Amino acid sequence: MQLGFKVTAKSSTSRARCGTFSTAHGAVETPVFMPVGTQATVKTLTPEELTELGAQIILSNTYHLYLRPGADLIAAAGGLHRFMHWERPILTDSGGFQIFSLGALRRLTAEGVLFRSHIDGSEHYFTPEKAVKVQELLGSDIAMVLDECIPFPASYEQAAAAVARTTRWAEAARAAHRRPDQALFGIIQGGTFPELRLKSLEELLPLDFPGYAIGGLSVGEPKAMMYDILDLVLPRLPENKPRYLMGVGSPDCLWEGVERGVDMFDCVLPTRIARNGTVFTRQGKLVVRNAAHARDLRPLDPECSCYVCRNYSRAYIRHLIKADEILGIRLTTYHNLYFMVHLMAEIRAAISEDRFAAAKQAFFAHYGIEDREEPRV
């Protein structure tokens, strides 16, 4: 299978674009939202349900799968696709964000990061080469280089050191990568410092990765600051490579990111708020667990045609959640991912028909906008 990305349509009023990214497990139509299946499962849903609601590609996490059940076991099972019974494409994060979230449980070196498992305290050492090897064993369609993700706020010196380390690790990962059926993406860092973002970009472009991610955003900075970084970086990325904004996924950010040229998104937000009894609707977020919906026989979103909205009421779903029945969060999760997946399909159609600006305006005329992006986990 020839891996590669092709732009198929462009907006005449913005940098929004549609594309197709070909992988060994099928083509992904972009812009795309990737549901997060950290532990080789999207919480509460089966692969068949993900297929039914229209998910094209999911994300799993190298750090978690390396610790449990182990990359060797997954490889022995025939790779991550067979292990979890998912036949469509998979992207694996390198685990860098999770490792750097460990704080006192990890220590950086020039060659990698020494960390203790959050599960049992055992000690492990990840190098960029090992992160590549683990992802090759997992057999994901898209793998990510090991990078250093810094918090917000961070000093210029912290951000500069992280850029230098991320570049060294990207060079090592590129040299170590062997699987021809797996695309390895580079990750641009630099915090909120424009000159460091450009430095990271300029150092990674000669490595000619099949795709480029923008990391280190959605970590607490204001959305306006994130958009400024996107405005700076995205126009300078190769036209023929997919652009992935890591860890960002509120509906308003999807529109804003696509408008600036982002092709791929992932975020735990839809599944996490679903487990807290909150859902997305065309009118904004709805907290269905609230008492106001105890006798509300309307669907979660009257404008939604998903399985949940066609068959269940707010009152019933609230009853399930209040009774701690698992079906309640299964239904809210299904609805939220359907909402996100079909919002991206709506955005792709608007780009293809060159009416993106009008479609965005119509969406925001009704949808409530949050003040800031939810943090990654």
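1. A quick word on terms: buried means under 20% relative accessible area, exposed means over 50%, and partly exposed lies in between (1.4 Å probe, protein chains only). By that scale E353 is exposed, at a relative accessible area of 51%. R355 counts as partly exposed, with 36% relative accessibility. The two form a salt bridge, their closest N and O atoms being 2.6 Å apart; the term stands for a side-chain nitrogen of Lys or Arg within 4 Å of a carboxyl oxygen of Asp or Glu.

2. Please keep in mind that this is a predicted model, in which local features need pLDDT of at least 70 and side-chain atom pairs count only at pLDDT 80 or more, while totals for chains, interfaces and linings use all residues. Residues are numbered from 1 along each chain as its sequence is written, and side-chain values use heavy atoms, with hydrogens and water left out.

3. The structure holds 20 salt bridges. One of them pairs E49 with R330, where the closest N and O atoms are 2.7 Å apart. This pair links distant parts of the chain, 281 residues apart: E49 sits in helix α1 (residues 47-53) and R330 in helix α14 (residues 326-352). Helices (H or I, at least four residues) and strands (E, at least two) are DSSP runs, numbered from the N terminus. E49 is buried, at 17%, whereas R330 is partly exposed, at 25%.

4. Have a look at R260 and D231 too, whose side chains meet in a salt bridge (3.0 Å, N to O). R260 lies in helix α10 (residues 251-260) and D231 in helix α9 (residues 223-233), so the pair ties together parts that are 29 residues apart in sequence. R260 is buried, at 13%, and D231 is partly exposed, at 33%. Salt bridges with shared partners join R15, D231, E256, E259, R260 and K360 into one network.

5. Now to the sheet. Three strands form an open, antiparallel sheet in the order β1-β2-β3; two strands pair if DSSP finds at least two bridges between them. Strands β1 (4-10) and β3 (26-30) stand at the edges with a single partner strand each, so one side of each is left without a neighbour in the sheet. Five bridges join β2 (residues 17-23) to β3, and G19 stands opposite T30 in β3.

6. Finally, α14 packs on the sheet and touches β1, β2 and β3, contact being heavy atoms within 4.5 Å. The direction of α14 makes about 120 degrees with that of β2; axes are lines fitted to C-alpha atoms, for helices over the stretch in contact, and angles run from 0 to 180 degrees between N-to-C directions.
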